[in-house]
Amino acid sequence: MASSTSPPPSESQTFTAMDKEMLNIGGTCQYLTCDSYDFLPFRCESCHGRFCQDHRTEAGHKCAHAGEWAAKRLQQQANRTSSPSSGPKPTVFTATQCSHPQCKTLIDTLNSVGVACSTCNRKYCLKHRIPEDHDCKNIIPVGARQGLRGPSQADKARSALGRLKLWSKERQAAVLPKPKPSTAASRAVALNQLKRAAKGDEKVPVEKRLYLYVEAEANTTTSKLPKGGFWYNKAWSVGRLLDDAARGLQVQNVNNRGGGEEERLRVFHVEGGRLLDFGEKAEDVLVQGNTIVLLRGVGPVSAAA
């Protein structure tokens with residue numbers, strides 16, 4: 001019976017097979033003037049060629065794409081460390097200010113986040129995020145429909161005008177008594193008392209001082225009705241006089257922030273029974289001893305006229 005076992009390979013056949021297997025390991029250096037065989041060649045990440053130890057560097061084999069791998073690696077590192085957000089980095093020029101009228105905190109920045117109020121549809125800083133902290137119940141929601149907004153600005157102005165006229169008649173009766181022999185003397189005494197108690201900017205010359213009684217209606221401030229005697233420069237405009245009067249009475253003044261009429265202050269002249277325009281000159285519409293009242297949300301002069 002013939003045996004099925006194949007004869008063992010000869011010694012020459014064994015070495016030939018080993019040579020073929022060795023050729024599959026490693027490779028020849030691809031540098032033009034080098035044909036050395038290396039079992040562990042080096043791979044250039046820029047040109048993807050294989051080289052021996054002597055020509056493994058980009059300068060050693062004069063790489064045609066020298067520096068390409070290093071540039072890609074730096075770009076990948078920059079992409080990993082960069083912020084994932086697609087928008088630009090917030091700055092003081094692009095950030096949003098807290099919607100509270102007395103707050104100047106910038107929100108939606110890296111250091112301060114903004115919190116949206118679902119009731120009034122505005123964004124606030126962390127300090128004013130609670131509805132009670134930004135008086136949410138008295139704020140008209142952004143985007144509210146006309147029917148849900150309550151009285152319009154014109155309605156408020158007409159209502160305020162009616163209230164002012166009634167109130168001014170009572171004040172005029174007290175400020176301007178009926179003519180009688182002692183009227184001039186009484187006015188002189190009252191003016192002298194006002195001058196002694198009045199406060200104001202010491203830089204205003206005495207001959208240019210305009211002495212006035214200044215009050216703020218209860219709706220203008222959260223504290224009780226403030227009032228006092230002050231002097232101002234006759235050459236000032238009504239707008240500048242209002243700014244100084246608001247500082248003297250410590251009444252919040254947001255006229256220079258560009259808000260709506262519901263937040264703006266206006267000057268009401270009691271003796272004249274009308275609102276004064278910001279551009280009018282003080283000495284043209286006021287006299288010594290007059291009374292002015294700071295009012296908020298009464299609308300422009302044209303609407304209240």
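Student: Which strands and which helix do the buried residues of H5 pack against?

Tutor: The model is a predicted one. In it, the buried residues of H5 pack against strands E10 (209-216), E11 (227-233), E12 (265-269), E13 (274-276) and E14 (291-296), and against helix H6 (282-285). The buried residues of H5 include Val238, Leu241, Leu242, Ala245 and Leu249.

Student: What makes E14 a mostly covered strand?

Tutor: Buried means under 20% relative accessible area, and six of the six residues of E14 are buried. In a regular strand, side chains alternate between the two faces of the sheet. In E14, Thr291, Val293 and Leu295 are buried on one side, and Ile292, Leu294 and Arg296 on the other.

Student: Why are E12 and E14 said to pair?

Tutor: Pairing requires at least two bridges; E12 and E14 have five, in the antiparallel sense, so the term applies. His269 stands opposite Ile292 of E14. E10 is joined to E14 by four bridges, and these strands run parallel; here Glu215 stands opposite Val293.

Student: Why is Phe39 called partly exposed?

Tutor: Its relative accessible area is 42%, which lies between the limits of 20% and 50%, so Phe39 is partly exposed. Phe39 lies in the loop between strands E2 (37-38) and E3 (42-43).

Note on methods:
Residues are numbered from 1 along each chain as its sequence is written. This is a predicted model: local features need pLDDT of at least 70, side-chain atom pairs count only at pLDDT 80 or more; totals for chains, interfaces and linings use all residues. Side-chain values use heavy atoms; hydrogens and water are left out. Helices (H or I, at least four residues) and strands (E, at least two) are DSSP runs, numbered from the N terminus. Buried means under 20% relative accessible area, exposed over 50%, partly exposed in between (1.4 Å probe, protein chains only). Contact means heavy atoms within 4.5 Å.
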